[in-house]
Amino acid sequence: MTAVEANFDGLVGPTHNYAGLAPGNLASAKNAGNVSSPRAGVLEGLAKMRRLADAGLVQGVLPPHDRPFIPGLRALGFSGSDRQVWEAAWKAEPALCRNLSSASPMWAANAAMVSPGADTADGRVQFSPANLLSTLHRSIEGPQTALSLDRIFHDRRRFAVHAPLPMQAAYADEGAANHVRLCAEHGAPGVEILVYGRDAFEDWQARFPARQTKQACEAIARRHGLDPARTVIVKQGRAAIEAGAFHNDVVCVGNGPALFFHELAFEDRAGAIAAIREAAEGLFEPVFVEVPQAEVPIEDAIASYLFNSQLLDWPGEDRMVLLAPQETEETDSTRAYCERMTAGNGPIGRVEYAAVRQSMRNGGGPACLRLRVVLTEDERAAVNPHAMMTDTLYERLTGWAQRHYRESLAPDELGDPDLVTEAQGALDELTGLLDLGSDFYPFQRVV
Ligand code: SUG
């Protein structure tokens, strides 16, 4: 069956800021306390979406979540109007408030793990929203993500949206950031590679946390009904995690039969390659594009986000296009590597660079900003059409962002109760633009 890969990008939310909330994510730590620009952030993201839509790729949008997250504070005993809740909480515990203000749902690669119908036992596209329990600010995303997916992929005959895995450390799950699918073509059965940082029952002592467990990968493979013979569950390299690869997609990306990865990406490199070959037998011949540590040191790979790129079948081109962050072009070793790679005759023929600097400063490159969903024609016709990027939606969303988003946001301005009112006003209007229903956000459901 023919199918296309659609990219659903997370729209950068009105509270985008730099709070240093993510241990092991070097960019987040480095930029903690800096002044952000929510408006520049959302416009950069929209420009990337438009670029892919203009190239003829299928592009959708996932809405931001409601931040500051007032229901989280009410659950902790704060009361009064939303503004009063925010003022009281900010006075009592600004650190908590920073966690509840993050625009982190923009990183849609962490929204869910998605398996196309060609790989699942019941033939439906399966979504498992991630529980993101390794960090406080992201552990509140799961339920709203499930609702977003439910509203956008509402046809239950074609799409299954699960609940996030249980909120227990043994099932720590970070979504598609630790998932790669290889295939001959998108609509054909593929090999699903799930990458974990630690076994839940091992003692993890390292410089940085390992956010994904083996048990979470196994549970997702089971509930999606994946064929065990076509599923590979492998361990991420400890050296990569300790160098700052808090998700596998910081050191690895795949598309079609090609896996583009750093030498240190996997704990057992040879074992991972052999397992992928075996799982692909009879389906396709995997193509491994391995980047040696001697050519691109892991530190450069992480600072430049070479692998946090979108690897795309670009309409009209024979070889794949790597849409990399601008920082990859600005880092000598990665720019030189890309020049050599595209001059050769491998599967990647061209590299394009995208400016997503506001997101990059929090450790989110082009690949973090998107959730990949493989869709057949029928499935595509069943998706909420208002969530798909068109010239009209692009114009509407840029106008909306320009009207509602602040030009800049300094760390202490987060405490401003006007921010609550502004963000809710923006999101209320957005539910109309994306046809999400007028009961989509918690603040819309208050009677
Ligand atoms: O979870 N940063 C995100 C970045 C997620 C990137 N996603 C992928 N690699 N797929 C994270 O670490 C920083 C927020 C702050 O510090 O303000 C943050 O959450």
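Helices here are DSSP runs of H or I at least four residues long, numbered from the N terminus. The model is a predicted one, so local features need pLDDT of at least 70 and side-chain atom pairs count only at pLDDT 80 or more, while totals for chains, interfaces and linings use all residues. Residues are numbered from 1 along each chain as its sequence is written, and side-chain values use heavy atoms, with hydrogens and water left out.

Start with the pockets (open sets of points on a 1 Å grid over the protein atoms alone, where a 1.4 Å probe fits, with protein on both sides within 12 Å along at least five of seven lines; lining residues have an atom within 4 Å of a point). Two helices, α1 (26–31) and α10 (298–304), each put at least two residues into the lining of the largest pocket, and α1 gives the most, with four. That pocket has 16 lining residues, with Ala27, Lys30, Ile302, Ala303 and Met360 nearest its centre. Its volume, the space filled by probe spheres set on the points, comes to about 320 Å³. Domain 1 (1–107 + 369–440) and domain 2 (117–134 + 153–291) both contribute to this lining, so the largest pocket sits between them; the domain bounds come from an automatic or database assignment.

The second largest pocket has a volume of about 160 Å³. Its lining runs to 13 residues, and Ile70, Pro71, Asp82, Pro442 and Phe443 lie nearest the centre. Here α3 (70–74), α16 (417–433) and α17 (442–445) are the elements giving two or more residues.

As for Leu371, its contacts (heavy atoms within 4.5 Å) include Phe8, Leu62, Val114 and Leu149, leaving aside residues up to four places away in sequence.
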